[in-house]
Amino acid sequence: GQALSHRLEMPNPAIIAHRGASYYAPESTLPAYQLARALGADYLELDLQRTKDGHLIALHDNNLKRTTNIESVFPERANDPVSTFLLSELKQLDAGSWFNDAYPDRARPQFVGLKIMTLDEVRQVAEQGNNHPGLYIETKSPDLFPGIEADLKTYLAAHRWLGDQAPTQPDNSADVNVRFTDSRVMLQTFERSSLKALQSAMPDVPKILLLWGGSDYIKMAQHPPKGEHESTADYYSRLKVNAPSDYAQWLEFARDNGAIGVGPSTIQTPHQSDFARQFSYMDLAMPWMVNMSHQHQLLVHAYTVDHIDDAYNYRNRGVDGFFTNRPAALLQAFDRA
Ligand code: G3P
Ligand code: CA
């Protein structure tokens, strides 16, 4: 793991700000990304989607209900997918107030009225200031956005974030910054078809294949039937990757399709969120899994780790990077603050 990171000139452990510093500010908004940069996170993570008029944007959910005021602005379209909106429509939405309601202890008046961001706006955050984080871009629900991998390549190339055109250091800085190398863009996806499309479009850009408990490899590994009256939580707790050969199959797909690493889910005890408990956040970075990944020459970037004790636990297993909503906590944990 360490050696592969070194070849990529990537910090190890890499600290990846998940939707920005999204514990402290509304996810995927300007203050979340600005804070992540100011803290010194290695990467700004974003989920890539595309508007009806072709703009690439940073948004996690497939619809706008959870993180915007869509129900008061376009009530009849509250359940519609992001892909059916023009950018000018999305820009009318308030993407910050929900955070103040959900987290009163972290609420701030300036979060009211924050906008959904384009990829272009996130890129500008990465290029401003003294720290220069990379961009760690996930093709989210890529089946809904045919050709988004090629669109991304066109965008990145046009803005000198790819290959030979990429500056080796920020234009405005005398410091050689190791993040401004070929690995300042990372690509990630859960979808095997999108990994192939990313590899085809951008063979020289490092990629991570993400894994979750509902991944088809895991399902195929055991395909246990869900009990008629069994809760989702109980069902997923029964899903286990028992056979190393099942995990190896996934690693081999990743490696054979150009990935330089894998992105497994983790279980954070005792801090695991209700969401994680309810759905399928299995521990897919168990010690033998991390070892096997390294034997396959693959890095392990684990999601989503917000607490220092969990970070140390997974680091002791050899995890090479962390997606985190709390980059301040993890940077401090690894003496990077
Ligand atoms: O991209 C790593 C992690 O973000 C995957 O989960 O649902 O937060 O995109 P999600
Ligand atoms: Ca993501």
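**Strands, helices and loops**

Author: In this predicted model, strand S5 is covered on both of its faces, with Gly134, Tyr136 and Glu138 buried on one side and Leu135, Ile137 and Thr139 buried on the other.

Reader: Why is S5 described as largely enclosed?

Author: Six of the six residues of S5 are buried, and S5 is therefore largely enclosed by the rest of the structure. As a general point, side chains in a regular strand alternate between the two faces of the sheet.

Reader: Which strand pairs with S5 over six bridges, and in what sense?

Author: That is strand S2, residues 43-50, which pairs with S5 in the parallel sense over six bridges. Within S5, glutamate 138 is the residue that stands opposite aspartate 47.

Reader: And how many bridges join S5 to S6?

Author: Four bridges join S5, residues 134-139, to S6, and the two strands run parallel. Leucine 135 has valine 185 of S6 as its bridge partner, while isoleucine 137 is partnered by leucine 187 of S6.

Reader: Staying with S6, how many of its residues are buried?

Author: Five of the five residues of S6, which spans 185-189, are buried, and the strand is mostly covered. Val185, Leu187 and Thr189 are buried on one side of S6, and Met186 and Gln188 are buried on the other, which leaves both faces covered.

Reader: What does S6 make together with H8 and S7?

Author: S6, H8 and S7 make a right-handed β-α-β unit. S6 is joined to S7, residues 207-211, by three bridges, and these strands run parallel. Threonine 189 stands opposite leucine 209 in S7.

Reader: Let me move to the helices, then. At what angle do the axes of H7 and H8 cross, and within what distance do they come?

Author: In general, two packed helices are described by the angle between their axes and the distance between the axes. The axes of H7, residues 148-158, and H8, residues 192-201, cross at roughly 35 degrees and come within 9 Å. H7 passes H8 in a right-handed crossing.

Reader: Which residues make that contact between H7 and H8?

Author: H7 contributes Glu149, Ala150 and Lys153, and H8 contributes Ser194, Ala197, Leu198 and Ala201. By type, the residues of this contact divide into four nonpolar, one polar and two charged.

Reader: Changing topic to the backbone, which residues are joined by a cis peptide bond with omega about 5 degrees?

Author: Asparagine 12 and proline 13 are joined by that cis peptide bond, with omega about 5 degrees. Proline 13 is found in the loop between helix H1, residues 2-7, and strand S1, residues 14-17. There is also a cis peptide bond between tyrosine 303 and threonine 304, where omega is about -20 degrees. Threonine 304 is found in the loop between strand S9, residues 299-302, and helix H14, residues 308-316.

Reader: What is the phi of arginine 19, and where does arginine 19 lie?

Author: Arginine 19 is not a glycine, yet its phi is positive, at about 60 degrees. Arginine 19 lies in the loop between S1 and helix H2, the latter being residues 30-39.

Reader: Does arginine 19 count as buried or exposed, and why?

Author: Arginine 19 counts as buried because it has 26 C-beta neighbours inside 10 Å, and the cut-off for buried is 20 or more.

Reader: What about glutamine 297, where does it lie and what is its phi?

Author: Glutamine 297 lies in the loop between helix H13, residues 287-295, and S9, and it has a positive phi of about 65 degrees although it is not a glycine. Glutamine 297 counts as partly exposed, because it has 13 C-beta neighbours inside 10 Å.

Reader: Before I close the file, how many helices and strands does the protein chain have, and what percentage of its residues count as buried?

Author: The protein chain has 15 helices and 10 strands, and 45% of its 337 residues count as buried. Among contacts between residues at least 6 apart in sequence, 65% join residues at least 24 apart.

Conventions. Residues are numbered from 1 along each chain as its sequence is written. Chains are lettered from A and ligands numbered from 1 in the order in which they are written. This is a predicted model: local features need pLDDT of at least 70, side-chain atom pairs count only at pLDDT 80 or more; totals for chains, interfaces and linings use all residues. Axes are lines fitted to C-alpha atoms, for helices over the stretch in contact, and angles run from 0 to 180 degrees between N-to-C directions. A crossing is left-handed if the near helix is turned anticlockwise from the far one by less than a right angle, and right-handed if clockwise. Two residues are in contact if their C-beta atoms, placed from the backbone, lie within 7 Å. Ala, Val, Leu, Ile, Met, Phe, Trp, Tyr, Cys and Pro count as nonpolar, Asp, Glu, Lys and Arg as charged, and the others, Gly among them, as polar. A residue is buried if 20 or more other C-beta atoms lie within 10 Å of its own, exposed if 12 or fewer, and partly exposed in between; C-beta atoms are placed from the backbone. Two strands pair if DSSP finds at least two bridges between them. A crossover is right-handed if, with the strands pointing away from the viewer, the path from the first strand over the helix to the second runs clockwise.
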